[in-house]
Amino acid sequence: MVHNRALNEVSKEIRVASILPSKSQDVTSDILEVTVHHVPLDDQHFNPEYRAWRDSHDAKDRLGWYKARGQLSPLDGDMDRYTWGDFVALSYEWSSPENQRMIRFNGVDIYVRYNLEAALRAIRNRGILGRGAHLWVDALCINQADNTEKDHEVPRMGDIYSHAADVLIWLGSENLDVRPALDFLSQLSPCWDRTDTTKLKSILPQVLESTPVGIWKLLCDFARLSYWMRTWVLQEICKGTSEMEVLYADKMVKWLDIYHAAAFFNIPRSDDEIGNIVSSILQQYPEHWNEANRVVQPTYPYFLRISNTELLRRKGTEPDMMKLLTFTRHKQAQQPRDKIYGLLGLMEPEIATKIEPHYESDVSDDAVFEDFARTWIRCQKSLEVLGQCSHSDSPSWVPHLHNKYRHLLAASEPRYNASAQVEAKANFSEDGLTLLCEGLLIDTVQSVTTSFLYAHNENNASLPSSASQQFGTNNLNCAYPNQAAQREALWRTIVGNRNLIGQTAPEGYASMLSPRTLKDPDMENWMSLSSNFHVAGRPLISYFQGEGNRGSQAGCLSILRRGFRLFSSVWSRAASTGASDSKTESNSADTSRAEVLPIFTEAVTRVTRFAWSRRLMTTETGLLGMGPEEARPGDIVAVLFGCSFPVLLRPTGRGTYRLVKPCYVHGLMEGEAIQEYEEAKQVEEAGQVLSKRADASFTVWTNTDCTGTGDTYSLSGDGAKGNFPSARRSIRLSGVANGFHLTMYSAVNQGGIKDPRLNEGNINQCWHAGTNPWLSYGLFNDN
């Protein structure tokens with residue numbers, strides 16, 4: 001593409017395109033002619049009337065200027081804001097480079113991608129473009145062959161879109177069968193007035209009566225158009241006004257009409273008047289109601305992304321970088337680094353100004369992601385970026401955004417508060433590749449269930465074969481004070497303690513701990529695959545069979561005091577030891593709206609959305625959590641300063657850790673560990689054990705080789721002892737405090753033969769009982 005000269009940075013110059021009128025009677029196949037020229041975008045070139053209006057109003061409210069002059073929208077206006085005219089910014093999908101069409105660009109015939117040519121042809125006579133306004137489109141107005149210019153212009157794109165009269169959205173024209181969906185949305189346009197719901201009650205029934213039930217599938221197809229999967233879409237739409245026009249082939253619909261449909265046809269919410277009205281009207285038309293539930297509910301994430309985009313547009317910028325990345329993680333980009341660059345216009349300036357785009361071939365995408373993570377951590381004094389990372393990344397503290405990812409929280413959910421808003425204490429090694437940070441080592445994972453699956457999830461095939469395996473040993477320990485607290489910990493854990501809109505899960509969710517839950521095929525399958533999994537000495541399934549409502553916690557060793565170790569974590573760039581995470585955000589466990597459902601059904605629905613691909617896990621002291629598919633026994637549960645969620649760390653054996661992934665652990669999500677740590681007042685040097693720590697943890701087996709399912713115990717204090725329920729013949733010590741030793745006895749109540757005596761030097765070794773099996777145990781101070 002030929003550009004005669006570089007852009008003038010002083011006057012904030014941009015290039016704009018003009019689509020010339022057709023010289024042929026055949027406007028569907030003539031060669032499009034486009035001219036491009038330079039214009040200044042600085043404030044000095046506003047026309048006097050517009051400048052005066054900006055000086056007395058919100059400068060960002062360009063729509064207000066048009067409305068004050070009786071114009072319905074910027075695209076229908078006839079008043080230029082600049083001395084040189086005005087321009088519209090195009091938002092579109094680049095499409096495949098293999099399918100190209102010829103246009104005449106400044107008198108030279110060049111080839112552009114098919115979708116751009118189709119967009120230019122569709123809009124050349126539309127609104128102010130047909131009256132002489134210019135067009136800004138990245139493929140034509142940025143010299144794509146000049147990486148230096150791209151590096152400079154990409155950070156400006158958010159500013160360019162916000163300075164346009166408005167944004168014009170071109171969805172494409174590939175699937176013409178989708179067009180009735182736009183007609184349907186346009187018919188409903190008057191319905192969404194919150195001040196007058198009589199329109200909704202009148203118009204929606206009329207539209208439903210005249211519309212085939214197949215419209216719901218077309219709406220789903222519309223929500224899944226490839227345009228919505230573009231990374232750059234979020235920034236472009238968020239810089240437009242509420243009057244943006246959306247074009248698909250020869251159809252047009254307003255942006256807000258799409259948003260309203262995405263919001264109110266997705267999942268009605270009990271406290272939303274319009275949502276309730278929509279739901280009640282749909283139920284009066286059973287064919288529509290049944291079809292909408294059949295095809296819309298499984299695709300709720302696609303509607304959710306559209307409605308979330310509008311919510312972000314109203315904010316303008318998003319200070320929560322975690323939300324931004326969660327919004328776009330699943331989206332596509334020409335280059336992986338665009339996952340960062342496509343968000344610059346939405347980031348807080350403190351971060352955005354420190355990120356310099358690099359499109360040179362000698363700068364890798366991995367280097368871009370590393371630089372971004374370092375910038376985030378340093379500027380925000382936060383480790384929230386770890387919510388986008390996994391052990392399959394290298395380094396594991398860097399989010400490799402081109403990989404699919406299963407987030408702990410969806411973008412619309414409020415954060416947890418595990419670190420009680422304590423600022424991150426983080427730095428980097430001299431080469432910048434190793435993250436040094438501080439936090440609390442809480443506990444060690446002892447056992448994990450199989451991964452939870454639900455039958456209709458299209459991403460089940462992406463999970464590794466290990467998802468159907470259970471790992472670890474039976475847990476006998478209780479970290480919660482009584483049976484009621486244990487049951488509450490279980491049901492809150494498997495829903496992440498959130499309801500369908502991200503609020504704290506209501507008490508009614510406890511109803512899932514009943515035999516009714518096992519009638520759900522997905523829950524029944526999970527229980528069947530995890531039949532040998534124990535929680536606090538009981539089979540997991542027993543909590544759903546009504547057995548957890550009565551009796552004592554027999555067989556459960558109560559460990560009410562957890563051990564926290566202050567640590568300085570070193571995360572190295574060691575090679576990954578696990579398979580790549582292939583989960584997708586489209587299954588994030590939330591919606592932007594709570595369902596109008598019986599509380600039991602709502603609870604089970606929340607389980608399927610939150611627990612998919614995750615494993616229920618127990619720790620050595622009996623904590624309950626939901627970890628990722630990659631969670632394994634031996635992983636360390638940690639709360640890091642500056643991180644709102646606990647994480648799993650995997651020791652490398654070299655004094656460093658690799659991040660596995662974030663996790664949910666009941667009793668750690670709202671700053672409980674930080675509070676206990678601060679109250680302990682015995683903080684010593686990094687790595688030292690606080691006085692609350694259990695002094696020994698071990699697993700025993702009935703066989704002689706420490707294989708299969710064993711029972712794990714944790715002991716605290718000199719003289720801690722007990723009897724085994726039956727003979728044990730092998731033991732593996734997983735931890736013992738300095739100055740303590742563990743002794744096995746061949747008779748109950750610490751009688752008979754004493755052998756072996758185990759201390760720190762015997763950790764992780766397998767010992768067998770020989771001819772005298774063990775019936776009891778005791779922990780003693782060496783002194």
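**Reading the terms in this predicted model**

Strand β25 (residues 696-701) pairs with strand β26 (residues 711-715) in the antiparallel sense, over five bridges. This is a predicted model: local features need pLDDT of at least 70, side-chain atom pairs count only at pLDDT 80 or more, and totals for chains, interfaces and linings use all residues. Residues are numbered from 1 along each chain as its sequence is written, and side-chain values use heavy atoms, with hydrogens and water left out.

User: Why are β25 and β26 said to pair?
Analyst: Two strands pair if DSSP finds at least two bridges between them. β25 and β26 have five bridges, so they pair. In β26, Leu715 is the bridge partner of Ala696.

User: What makes β13 and β31 edge strands?
Analyst: The open sheet has five strands in the order β13-β26-β25-β28-β31, with mixed pairing. β13 (474-475) and β31 (766-768) each pair on one side only.

User: Why is Gly158 called buried?
Analyst: Buried means under 20% relative accessible area, exposed over 50%, partly exposed in between (1.4 Å probe, protein chains only). Gly158 has 4%, so it is buried.

User: Which residues is Gly158 in contact with, leaving aside neighbours within four places in sequence?
Analyst: Gln235, Lys239 and Gly345. Contact means heavy atoms within 4.5 Å.

User: Why is Lys661 called buried?
Analyst: Its relative accessible area is 2%. That is under 20%, so Lys661 is buried.

User: What joins the side chains of Lys661 and Glu630?
Analyst: A polar contact of 3.4 Å. The term means a pair of N or O atoms within 3.5 Å; within protein, one must be able to donate a hydrogen and the other to accept it, and residues adjacent in sequence count only if both atoms are side-chain atoms.

Definitions and conventions: Helices (H or I, at least four residues) and strands (E, at least two) are DSSP runs, numbered from the N terminus.
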